[in-house]
Amino acid sequence: MGKPTGFMDYSRQTAVAASPKERIGNFQEFHTPLSKEEQQVQGARCMACGVPFCQSGMELMGMASGCPLHNLVPEWNDLVYTGNWEQAYNRLAKTNNFPEFTARVCPALCEAACTCGHYGDAVTVKENEYGIIENAYQQGFAKAKPPKVRTGKKVAVVGSGPAGLAAADQLNKRGHQVTVYERDDRVGGLLMYGIPNMKLEKHVIGRKVQIMEEEGVVFVTGVNVGKDIKAAKLLKEYDRVVLACGAKNPRDIKAPGRDAKGIYFAVDFLAATTKSLLDSDLKDNKYISAKGKKVVIIGGGDTGNDCVGTSIRHGAASVVQLEMMPKAPSQRAEENPWPQWPKVCKTDYGQEEAIAVFGHDPRVYQTTVKEFRKDKNGKLCGVTTVKLESKKDEKTGRMVLEEVPGSEGKLDADMVLIAAGFLGAEKYVADAFGVTLDGRANVKAWNGQYGTDVKNVFTAGDMHRGQSLVVWAIREGREAAREVDASLMGYTNLGA
């Protein structure tokens, strides 16, 4: 390492975020990156720990610890410190097809497992990654590099989310001719319409897609495979097909009054806002507006938080976020030791903004909706809530959430956003190709890890593993590409 004592000499420094009341005036990313010189100092904090848990990607107690892509974190941290930015990019690009995405939206599993963070502050791995990839674009290191030899093999990828893009990128690098089909009007899938602009500005996706096109990948948008085009046509025209359509079945809340007007799934709310923003800067009014509304969000995860931030930018009158689980502790519990993922309470950007605007945290824990109340015209006017407690099921031995008798309460609401997660792949695509679904409505892989029970059809990403992180989708796309390549060529030299 260039600076063996860097973790003792320097303090952790991160990009400065715009104040909540300032940033809610637009839908732009709101962090000011460190200068190159400041970022190099942060690279010096990587401590040559000997066992880099940051890149392990292993599962501990059912949760990932370290980067699932096995990014060569200590190597490029050191290269950042020494100012060798081009080589840092080369090492980063070796394992991660899209650091411009993960550096913005990944929860930084690497930092949670950083040895430096065991007793102090973790290395700024995610921001070092951001510095590497943005510098690479500025300096031309990330330019298109088309394959020099083509194999003559053709592969169709259905879905242009992170898994589909990663599979396409890898297979194209190998020399196969890849066509990506996307049912939406823009490439990106979850990245484009599932993640708000303030977390990932969409020109960042367009920048990478343009490079992939220059490298030979063909993108076909506005085509819904299984409806607009038959599966049999793809299977006839292509040597292999990769299904990477995501897990887009939203979990519903089955409660009396569910048919009230004013209840939406979070994914539809967020997607409509992004599309209108990109099409007209919200001037076409073709989105689900929370302006002046009393908004109740059901779900305490990232999507729920995104709904909080988006509702505030619309000009919501109030925002309440219901979370079924208890509030996590502010520090690691004894039974949650490092390097496990820290199960601690996190106040995300949307909640910070709600606190600034409304004067209090929007989250209400151990609570769900028991009834949606509507007026005589069928419009939502409020919700009846109920408290929950965790109890052991005597039959299964598992802990389950049960209603607390007499704990009902009422909230005024004229908009409810359901952000309760997803229940697997959309069945029509699986039916079109005849692939088998498992008990969780994900496509079952039989041959190796990603081959389905239909000849020449593979699967990857959330469609295969269920709702997960962007970094896991990229890993799945890369690994599926290896299997596809091996099935086409009899061997593979693609990196996992």
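Helices (H or I, at least four residues) and strands (E, at least two) are DSSP runs, numbered from the N terminus. That settles where Asn224 belongs: the loop between E7 and helix H12 (231–237).

A word on the model before going on. It is predicted, so local features need pLDDT of at least 70 and side-chain atom pairs count only at pLDDT 80 or more, while totals for chains, interfaces and linings use all residues. Residues are numbered from 1 along each chain as its sequence is written, and side-chain values use heavy atoms, with hydrogens and water left out.

**Around Asn224 and Tyr428**

Asn224 counts as buried, at 14% relative accessibility; buried means under 20% relative accessible area, exposed over 50%, and partly exposed in between (1.4 Å probe, protein chains only). Leaving aside neighbours within four places in sequence, Asn224 is in contact with Arg183, Ile229 and Tyr428, where contact means heavy atoms within 4.5 Å.

Tyr428 sits in helix H16 (residues 427–433) and is partly exposed because its relative accessible area is 21%. Not counting residues up to four places away in sequence, Tyr428 touches Arg183, Asn224, Val225 and Lys227. Lys227 is 201 residues away from Tyr428 along the chain, yet their C-alpha atoms are separated by 8.4 Å.

Now for a residue elsewhere. Leu277 belongs to helix H13 (residues 266–280) and counts as buried because its relative accessibility is 15%. Its contacts, again skipping neighbours within four places in sequence, are Phe27, Asn197 and Leu282. Glu37 is another matter: 240 residues from Leu277 in sequence, and 35 Å from it in space, C-alpha to C-alpha.

**The sheet with E7 in it**

Strands of a sheet pair through backbone hydrogen bonds, either parallel or antiparallel. Here, E7 is part of an open sheet of five strands in the order E7-E6-E5-E8-E18, and the pairing is parallel. Two strands count as paired if DSSP finds at least two bridges between them. At the edges are strand E7 (218–221) and strand E18 (457–459), each pairing on one side only. Ignoring direction, neighbouring strands of this sheet are turned by 20° against each other on average.

Helix H9 (residues 162–174) lies across strand E5 (154–158), strand E6 (177–182), E7 and E8, and runs at about 165° to E6. For such angles, axes are lines fitted to C-alpha atoms, for helices over the stretch in contact, and the values run from 0 to 180 degrees between N-to-C directions.

**The sheet with E10 in it**

Another open sheet of five strands has the order E9-E17-E10-E11-E12, with parallel pairing. Strand E9 (263–265) and strand E12 (363–365) each have a single partner strand, so one side of each is left without a neighbour in the sheet. From one strand to the next, the twist averages 20°.

Strand E10 (residues 294–298) is mostly covered, with four of its five residues buried. On the way from E10 to E11 the chain passes through helix H14 (residues 302–314), and this β-α-β crossover is right-handed: with the strands pointing away from the viewer, the path from the first strand over the helix to the second runs clockwise. H14 lies across E10, E11 and E17, at about 175° to E11.

| Strand pair | Bridges | Residue pair |
|---|---|---|
| E10 and E11 (residues 318–323) | five | Val296 and Val320 |
| E10 and E17 (residues 415–418) | four | Ile298 and Ile418 |
| E11 and E12 | three | Glu323 and Tyr365 |
| E8 (residues 240–243) and E18 | three | Val241 and Val457 |

Rolling a probe the size of a water molecule over the atoms shows where empty space is left. The second largest pocket has a volume of about 520 Å³. Of the 24 residues that line it, the closest to its centre are Ala93, Lys94, Lys145, Gln170 and Lys173. Two or more lining residues come from each of helix H5 (85–93), helix H6 (99–105), helix H8 (125–139), H9 and helix H11 (202–214). Which element gives the largest share of the lining? H9 does, with four residues.

As for terms, the search uses a 1 Å grid over the protein atoms alone: a cavity is a set of points where a 1.4 Å probe fits but cannot get out, while a pocket is an open set with protein on both sides within 12 Å along at least five of seven lines, and lining residues have an atom within 4 Å of a point. Grid points are joined across faces, edges and corners, and a volume is the space filled by probe spheres set on the points.
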